[in-house]
Amino acid sequence: IPVTEAKKTTESSSSSKNISIEIQNSTSISGLAGRWKDKLSSDGYTVGSVKTYREGSLTHTKIIVEDKSLGQDLKSYFKNPEYTVGTFHYFLFHLTL
């Protein structure tokens with residue numbers, strides 16, 4: 001399960017394409033976050049970095065944003081993602097297969 005964090009680069013609230021996304025892989029599937037980087041980049045999103053999530057495995061896709069107006073357009077990429085508004089300055093995005 002990759003995790004993604006993104007820093008807001010503009011004030012647009014209608015598209016996550018205006019933020020830099022960080023993807024973190026929390027699965028044992030090597031290269032999964034890199035494949036998501038390629039997919040999201042080809043769809044016009046800005047992926048700033050790809051990392052390994054080191055806080056354990058996740059059982060579902062999770063998108064965490066600092067503002068409820070962010071990340072809505074990413075929900076359609078995943079089956080039943082959990083969407084949460086957090087208290088940080090990026091958004092966290094956990095992916096499942």
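Tutor: Contact here means heavy atoms within 4.5 Å. The model is predicted: local features need pLDDT of at least 70, side-chain atom pairs count only at pLDDT 80 or more, and totals for chains, interfaces and linings use all residues. Residues are numbered from 1 along each chain as its sequence is written, and side-chain values use heavy atoms, with hydrogens and water left out.

Student: Which residues does Ser-16 touch, not counting residues up to four places away in sequence?

Tutor: Ser-16 touches Tyr-45, Leu-70, Gly-71, Gln-72, Asp-73 and Leu-74. Ser-16 itself sits in the loop between β1 (2-8) and β2; strands are DSSP runs of E, at least two residues, and helices are runs of H or I, at least four, numbered from the N terminus.

Student: Why is Ser-16 called buried?

Tutor: Buried means under 20% relative accessible area, exposed over 50%, and partly exposed in between (1.4 Å probe, protein chains only). Ser-16 has 1%, so Ser-16 is buried.

Student: What makes the pair of Lys-51 and Glu-22 a salt bridge?

Tutor: The term requires a side-chain nitrogen of Lys or Arg within 4 Å of a carboxyl oxygen of Asp or Glu. The closest N and O atoms of Lys-51 and Glu-22 are 3.3 Å apart, and the pair is a salt bridge. Lys-51 lies in strand β3 (residues 46-52) and Glu-22 in strand β2 (residues 19-25), so the pair ties together parts 29 residues apart in sequence.

Student: How do you know whether Lys-51 is buried, exposed or partly exposed?

Tutor: Its relative accessibility is 44%, so Lys-51 counts as partly exposed. Glu-22, at 10%, is buried.

Student: How many salt bridges does a search of the whole structure find?

Tutor: Two. One of them joins the side chains of Asp-43 and Lys-39, at 3.0 Å from N to O. Asp-43, at 25% relative accessibility, counts as partly exposed, and Lys-39 does too, at 39%.

Student: What makes a set of residues a nonpolar core?

Tutor: The members are buried Ala, Val, Leu, Ile, Met, Phe, Trp, Tyr and Cys residues joined through side-chain atoms within 4.5 Å. The largest one has 14 residues, and Ile-21, Ile-23, Trp-36, Leu-40, Tyr-45, Ile-63 and Leu-74 touch the most other members. Two or more residues come from each of β2, α1 (32-42) and β4 (62-65), with the largest share, four residues, from α1.
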